[in-house]
Amino acid sequence: MIWARAIQGQGFGIIPRVLAQQDVDDLLEELSQANLPRSRAGVRHAMRLATVAAMARGSRLLEIAQQILGSSAFPFRATLFDKSPTANWLVVWHQDTALPLQERRKVPGWGPWSVKDGVTYAHAPASALSQVLALRVHLDDSTSENGPLRVLPGTHMLGVLTDESLHDLSTQIAAADCPVPRGGVLAMRPLIVHASSKSQSEAQRRVLHIEYASSMNLPMDSS
């Protein structure tokens, strides 16, 4: 599959028409009625909503994750990002390195640690993050005008980077915009360097960011 090869080689791939338009409509209706804590950017723990959890574990998304991570892949976190004219922001170049864990352990390569909304997080080493894949389910069309994700292709192979290295790479590698149609999915490795600009459009850009791991037991060493 072209998108699977792109994820392995470039760190990201776009898969259009994964969800039917009616499925997107139904999910948006559920999200609008759900009594979940919201921040300015959206909803942090969206897996608490049964509809989101069922979609994350459903065959269409799970098959994509299993194609990359293996047959034991499972979803462990979902975040709704809701960018609009009234909630607009930019995100500087970064990697996604924090993972939720069941307990805090002193293991080399893991940390710093934090607790958010009662959940323990640690910044993870590359050995663990290489076993994670994010599927960004687009609930609206993502275009060049409404703050799409931008990535630096191939940077997922470089390990966990310093802020200085992130800046240097952003001046050396041509960024790729990732416009995705409504119902499509952007699959990405957490270590790919990515950013997004503010929206220049009146249109909403809602994305359900679902993260999958290869198994319940990620490697805890720092190699």
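A salt bridge is defined here as a side-chain nitrogen of Lys or Arg within 4 Å of a carboxyl oxygen of Asp or Glu. The structure is a predicted model, in which local features need pLDDT of at least 70 and side-chain atom pairs count only at pLDDT 80 or more, while totals for chains, interfaces and linings use all residues. Residues are numbered from 1 along each chain as its sequence is written, and side-chain values use heavy atoms, with hydrogens and water left out.

In one of them, R44 pairs with D117, and the closest N and O atoms are 3.4 Å apart. This pair links distant parts of the chain, 73 residues apart: R44 belongs to the loop between β2 (42–43) and α3 (50–57), and D117 to the loop between β6 (113–116) and β7 (119–123). Helices (H or I, at least four residues) and strands (E, at least two) are DSSP runs, numbered from the N terminus. Relative accessible area was classed as buried under 20%, exposed over 50% and partly exposed in between (1.4 Å probe, protein chains only). D117 is exposed because its relative accessible area is 54%, whereas R44, at 41%, counts as partly exposed.

A salt bridge also joins D140 to R206, with the closest N and O atoms 2.7 Å apart. D140 lies in the loop between β8 (132–138) and β9 (149–151) and R206 in strand β13 (residues 205–213), so the pair ties together parts that are 66 residues apart in sequence. With a relative accessibility of 11%, D140 counts as buried. In a further salt bridge, E103 and R105 have their closest N and O atoms 3.3 Å apart. E103 is partly exposed at 48% relative accessibility, and R105 is likewise partly exposed at 43%.

Nonpolar cores were then examined, each being a set of buried Ala, Val, Leu, Ile, Met, Phe, Trp, Tyr and Cys residues joined through side-chain atoms within 4.5 Å. The largest core holds 37 residues, of which L61 and Y212 touch the most other members. Elements that each supply at least two residues of this core include α1 (2–10), α2 (21–33), β3 (74–83) and β11 (185–188). The largest share, 6 residues, comes from α4. Contact means heavy atoms within 4.5 Å. Leaving aside residues up to four places away in sequence, L61 touches V18, M55, A56, L135, V137, V185, I210 and Y212. Another core, of 12 residues, lies apart from the largest one and has V107, A122, A124 and A213 among its members.
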